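Let's take a walk through some helix packing and a few ring contacts.

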Amino acid sequence: MQLYQFLSTELSTSKQEISKFVLSAPKMYKIYTIPKRTSGKRTIAHPAKKLKEYQRTLISLLEQSLPVHDVAFAYKKNTGIKQNAEQHQQSKYLLKMDFQNFFHSIKPKLFLSILEKLNIDLTPDDRYILSQILFWNPSKRTGGKLILSIGAPSSPFISNVIMYFFDQALYTECQNQDITYTRYADDISFSSNTKNTLFEIPHLVKKLLVKHFNGAITINESKTVFSSKAHNRHITGITLTNENKLSIGRQKKRYISSLIHQFSLGQLPTEDRQYLQGLLAFACHIEPDFKQRMIKKYSFETINQISTRVEDERK
């Protein structure tokens, strides 16, 4: 791929400067934690500004030749959690599974092996650059084990490429059994209208993970959930109703309504208005008629002000 030459041309930088930068690139991250959705904390490794520029430049090249499977709905233009959930909304039975420490399980050796399988021609320099620029060293010592970071702009695309052959194999197996399969980052979902057909899927998933990753990527057993129309069904934060529609759920709608009520009375703190705007936009994206219900309840002027006031405060 001749990545030294590519980076030199794209970034107007000499090969000597690139070599010096690449040497310490895996340590150029700001580390912090954020709460997980359920419990515990997630470690974020955010690359320095210059490293992000290198990462985005490399991805602009890699995107031209590396495939991402159609079953992947995260980190792609014009797709998201709504489109992911829509694939399953007509099905009666649902299975959800989750990968264990997904991003941190992906190491340079695994990524480079996928590139070889895709017949991408790499020089030793190319392999070195890809490893140093796209992967993070979480240890205190230089030269420590490299992993994919949560926080780098390049990591989402790399993770989707890593999963391409696994996605293809699992999609084919599911298609043969009339099962719908989608993946949203580390969340994988399966649905069917045939009773009991999903119970063998966890075994199939584990078998394919061993075949394609030899134990590098595994399942978080505690996140494996079977459900049906007899119970609440949720995919990536979206509820599948028994009427085969998408919903944000009653609890979240009540919460948003309560915030709108506070806003209408002038009691919502200024710092919470942008948060409300985001929640309302998300709700209307998933359930388009939700906005009309809120307008009917609180008036068009109130709902309109939630957006316009936040925009005014940003200026």
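This is a predicted model: local features need pLDDT of at least 70, side-chain atom pairs count only at pLDDT 80 or more; totals for chains, interfaces and linings use all residues.

## Helix α2 against α7

Start with helix α2, residues 15–24, and helix α7, residues 124–134. Their axes come within 9 Å and cross at roughly 50 degrees, which makes α2 oblique to α7. The crossing is a left-handed one.

Who does the touching here? On the α2 side you'll find Lys15, Val22 and Leu23, and on the α7 side Asp125, Tyr128, Gln132 and Ile133. Sorted by class, the contact of α2 with α7 has 4 nonpolar, 1 polar and 2 charged residues.

## Helix α1 against α2

Helix α2 also packs with helix α1, which spans residues 3–11. The axes of α1 and α2 are 9 Å apart, at an angle of about 105 degrees, so α1 is roughly perpendicular to α2.

Tyr4, Leu7 and Ser8 come from α1, meeting Lys15, Ile18 and Ser19 from α2. That contact splits into 3 nonpolar, 2 polar and 1 charged. Lys15 is worth a click: it's listed in the contact with α1 and in the one with α7. The charged end of Lys15 also sits over the ring of Tyr4, 5.0 Å from the ring's centre.

## Helix α3 against α7

Back to α7, this time with helix α3, residues 49–62. The two axes come within 10 Å and cross at roughly 130 degrees, and α3 and α7 are therefore oblique to each other. This crossing is left-handed.

From α3, the contact draws on Leu51, Tyr54, Gln55, Leu58, Ile59 and Leu62. From α7 come Ile129, Leu130, Ile133 and Leu134. The tally for α3 with α7 is 9 nonpolar, 1 polar and no charged residues. Ile133 turns up in this contact and in the α2 one as well.

## Aromatic rings

How many aromatic pairs does the structure hold? There are 11. Take Tyr164 and Phe165: their ring centres are 5.2 Å apart and the planes sit at 75 degrees, so this pair is edge-to-face.

Elsewhere, ring pairs build a cluster. Its members are Tyr75, Phe99, Phe102, Phe103, Phe166 and Phe213.

Technical notes: Residues are numbered from 1 along each chain as its sequence is written. Side-chain values use heavy atoms; hydrogens and water are left out. Axes are lines fitted to C-alpha atoms, for helices over the stretch in contact, and angles run from 0 to 180 degrees between N-to-C directions. Helices (H or I, at least four residues) and strands (E, at least two) are DSSP runs, numbered from the N terminus. Angles under 35 degrees count as roughly parallel, over 145 as roughly antiparallel, 65 to 115 as roughly perpendicular and the rest as oblique. A crossing is left-handed if the near helix is turned anticlockwise from the far one by less than a right angle, and right-handed if clockwise. Contact means heavy atoms within 4.5 Å. Ala, Val, Leu, Ile, Met, Phe, Trp, Tyr, Cys and Pro count as nonpolar, Asp, Glu, Lys and Arg as charged, and the others, Gly among them, as polar. Rings of Phe, Tyr and Trp (its six-membered ring) pair if their centres lie within 6.5 Å; planes under 30 degrees apart count as stacked, over 60 as edge-to-face and the rest as tilted. A charge sits over a ring if NZ of Lys or CZ of Arg is within 6 Å of the ring centre and within 35 degrees of the ring normal.
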